Amino acid sequence: ELYLDADGCLCGELEAAGQRCRLRLPPRVAAGGWHRATLTWNRADGRARLELTRLHPGLDAARADDCEARLPTGLDPAAGRGPILFAARRRLDDAADVERLFNGRLARPRFEQLQPAGPRLLAAWDFSQAISSTRCLDTGPLQLHGCLVNLPTRGLPGPDWQPDQLAWPVDASGHDAIHFHDDDLYDAGWTPDLSVTLPETLASGVYALRFEAGDEVFHTPFCLRPPAHRPCKPLVFLLPTASYLAYANNRIGLDVPETELVCGQLLELTPGDLYMQEHPELGRCFYDLHNDGSGVFHSSRLRPVLDFQPGWVGKLGGRGSNVWQFNADTHLLGWLQHTGADYDVVSDEDLHHEGLAALAGCRVLVTGTHPEYYSAAMRDALDGFLARGGRLMYPGGNGFYWRIAFHPELPGVIECRKSEDGIRASAPEPGAYYSAFTGEYTGLWRRNGRPPNALTGVGMVAQGFDHSAPYERTAASDDPRVGFMFEGIPERTLGDAGLCGGGAAGIELDAADPALGTPAHALVVARSSAHGDTYLQTPEDMLDPAPGLGGTESASIRADLVFFETPAGGAVFSTGSIAWAGAMAWNAYDNPVARLTGNVLKRFLDPTAFAMPPATGD
């Protein structure tokens, strides 16, 4: 074995038949740099040697330490049998389990037989090969290929990485490192205890299994999609399951020191928050850090996920308890039920794997309140949906923001590397901007040349969590093109009450911007203002930080209510606010915000094509 002990010193052990030789090299191995560790033994004279060389960019053998020891009589490590493990060891009392999980990067492990004529290669694993898979390929003669467990991070700079090797799909030779974490978790590996056969007559929708144990209640939600033998109904709700995964088991309330400052309030810690702190084995989300301080790039649904259930008091606690993710989307599902709408439900995973075919038969697509995480296949499907004349309702904010990748082989897991810009808990280092799953450049969709404005007319501009504001109608709301929208709504102020912060415009805000793709003919029919100074501009818009960027001072801090027609006879309606659905649910859906949204849905379901407005000159 080669390992770091509790003091961070390099150790080597040779063991066979109950006998052991241990070598140790103080001082503590320095973090943040590459080292070459070598353990050798001479079968002839019974001596073992442990060497450590600190590597610096462009320099070899920058510093070397070594020690020697004589093996006990009869100890012959070559007689040993067992699997070869990286970043872990077998538990001595349980051959099926592992211990001593390693936090850090490994590259180029190899075995050699030292001979007078020179070393004879036995095995050499090249982690720069098959990066998008779970395989570790042995380039040596024995072909001892390995398999990765729980998706450690691949496609990372190794010892010889050079700054011009930014993209591993172009040149993977320098990306031959794997970062292992003791809290990596892809599949918890639980065996089923319960199976349920659903009635064939059960309508497509979002349901939950309810489990009770004494006073404890736990829900396991699931999405029932339409049957494979028929197309979708004209109305489809797109359940943003990729975004649910991004926040799965989110610990931001305790783990991020500035959360209370951002929220402008003290946070209420719930039993669920405390349970997740006490049980890190549940795995991390994109807003956490690994135990060694590195960023989290993967999130999986094949593990217990506590905050994806009704009634969960999540990210914000207190007044924000109905805001984050699944519970906010139940406001929309409740509205659909309240109106008696006949609809189907399709999930993000369906959309990614099936593309536009997952929306066959759909005329009106309603997104969730916060569809933040999108793969290229998902974005292509929505572009195709609009190109064929579909109607898109986006009653949310901060949507279509981060580019993600689904694993090409493993189900239920996504990757997101938040490269270069955006609101994020951590930043990948140079050379780590490309997805290991697919080789795609990740980060903001805006930085990938496909800003959300080009799809929905609006894009993320600010976030804040103290209170939500109302919208004020603009002169464009009197345009005959949107007359259907305001039928029976004489009010000029919209959403001055709501379940999320007391208004319709809040939490995270989107606004129109022609420079980022908002169509020239789009109408901004209402706009929010009067946001507090916990609302701040997004980093990608803050080219030159200066005073005056808070909600009480900057006109950029706003939500825009946008409508526009598409060339194929479709249309887009975007609210620019996560809190919009909470305002819809106010007073049991009897309010102007719910009526306006209902007017839009009614017109969008009408098969009569929308007409593009006449082009106007400068």
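This is a predicted model: local features need pLDDT of at least 70, side-chain atom pairs count only at pLDDT 80 or more; totals for chains, interfaces and linings use all residues.

Reader: With which ring does Phe610 pair, and at what angle?

Author: Its partner is Phe604; the ring centres lie 5.5 Å apart and the planes stand at 75°, so the pair is edge-to-face. Phe604 has a relative accessibility of 0% and therefore counts as buried.

Reader: How many aromatic pairs does the structure hold?

Author: The structure holds 20 aromatic pairs. One of them joins Phe484 and Phe563 edge-to-face, with 5.7 Å from centre to centre and 70° between the planes. This pair links distant parts of the chain, as Phe484 lies in the loop between β28 (471-473) and β29 (493-494) and Phe563 in strand β33, 79 residues apart.

Reader: Are Phe484 and Phe563 buried or exposed?

Author: Phe484 is buried at a relative accessible area of 14%. Phe563 is buried as well, and its value is 0%.

Reader: Which residues do ring pairs link into a cluster?

Author: Phe86, Phe111, Trp125 and Phe127 are joined into a cluster by ring pairs.

Reader: What about charges over rings: where does the charged end of Arg473 sit?

Author: It sits over the ring of Phe486, 4.0 Å from the ring centre.

Reader: Let us change topic. How many salt bridges are there?

Author: The structure holds 40 salt bridges. One of them is formed by the side chains of Glu1 and Arg89, with an N to O distance of 3.1 Å. Those two residues come from distant parts of the chain: Glu1 belongs to the segment before β1 (2-4), Arg89 to strand β7 (residues 89-91), and 88 residues separate them.

Reader: How accessible are Glu1 and Arg89?

Author: Glu1 counts as partly exposed, at 34% relative accessibility. Arg89 counts as buried, at 8%.

Reader: What is the distance between Asp421 and Arg447?

Author: Their side chains meet in a salt bridge at 2.3 Å, N to O. Asp421 is buried, with a relative accessible area of 14%, while Arg447 counts as partly exposed at 38%.

Reader: Which residues are linked in a network of salt bridges?

Author: The network links Asp5, Asp7, Glu13, Glu15, Arg20, Arg22 and Arg24.

Reader: On to the sheets. What is the order of the open sheet of 4 strands?

Author: The order is β10-β11-β12-β13, and the pairing is antiparallel. β10 (110-113) and β13 (146-147) stand at the edges, each with a single partner strand, so one side of each has no neighbour in the sheet.

Reader: How many bridges join β10 to β11?

Author: There are 4 bridges between β10 and strand β11 (residues 120-126), which run antiparallel. Glu112 stands opposite Leu121 in β11.

Reader: Now for Thr53: where is its place, and is the residue buried or exposed?

Author: Thr53 has its place in strand β5 (residues 47-56). At 11% relative accessibility, Thr53 counts as buried. The C-alpha atoms of Thr53 and Val525 are separated by 65 Å, and the two residues are 472 residues apart along the chain.

Reader: Finally, where does pLDDT stay under 50?

Author: It stays under 50 over residues 314-323, for which the model has 26 contacts beyond four places in sequence. The chain averages a pLDDT of 92, and 96% of the residues score at least 70.

How values were computed:
Residues are numbered from 1 along each chain as its sequence is written. Side-chain values use heavy atoms; hydrogens and water are left out. A salt bridge is a side-chain nitrogen of Lys or Arg within 4 Å of a carboxyl oxygen of Asp or Glu. Buried means under 20% relative accessible area, exposed over 50%, partly exposed in between (1.4 Å probe, protein chains only). Rings of Phe, Tyr and Trp (its six-membered ring) pair if their centres lie within 6.5 Å; planes under 30 degrees apart count as stacked, over 60 as edge-to-face and the rest as tilted. A charge sits over a ring if NZ of Lys or CZ of Arg is within 6 Å of the ring centre and within 35 degrees of the ring normal. pLDDT is the predictor's confidence in each residue, from 0 to 100. Contact means heavy atoms within 4.5 Å. Two strands pair if DSSP finds at least two bridges between them.
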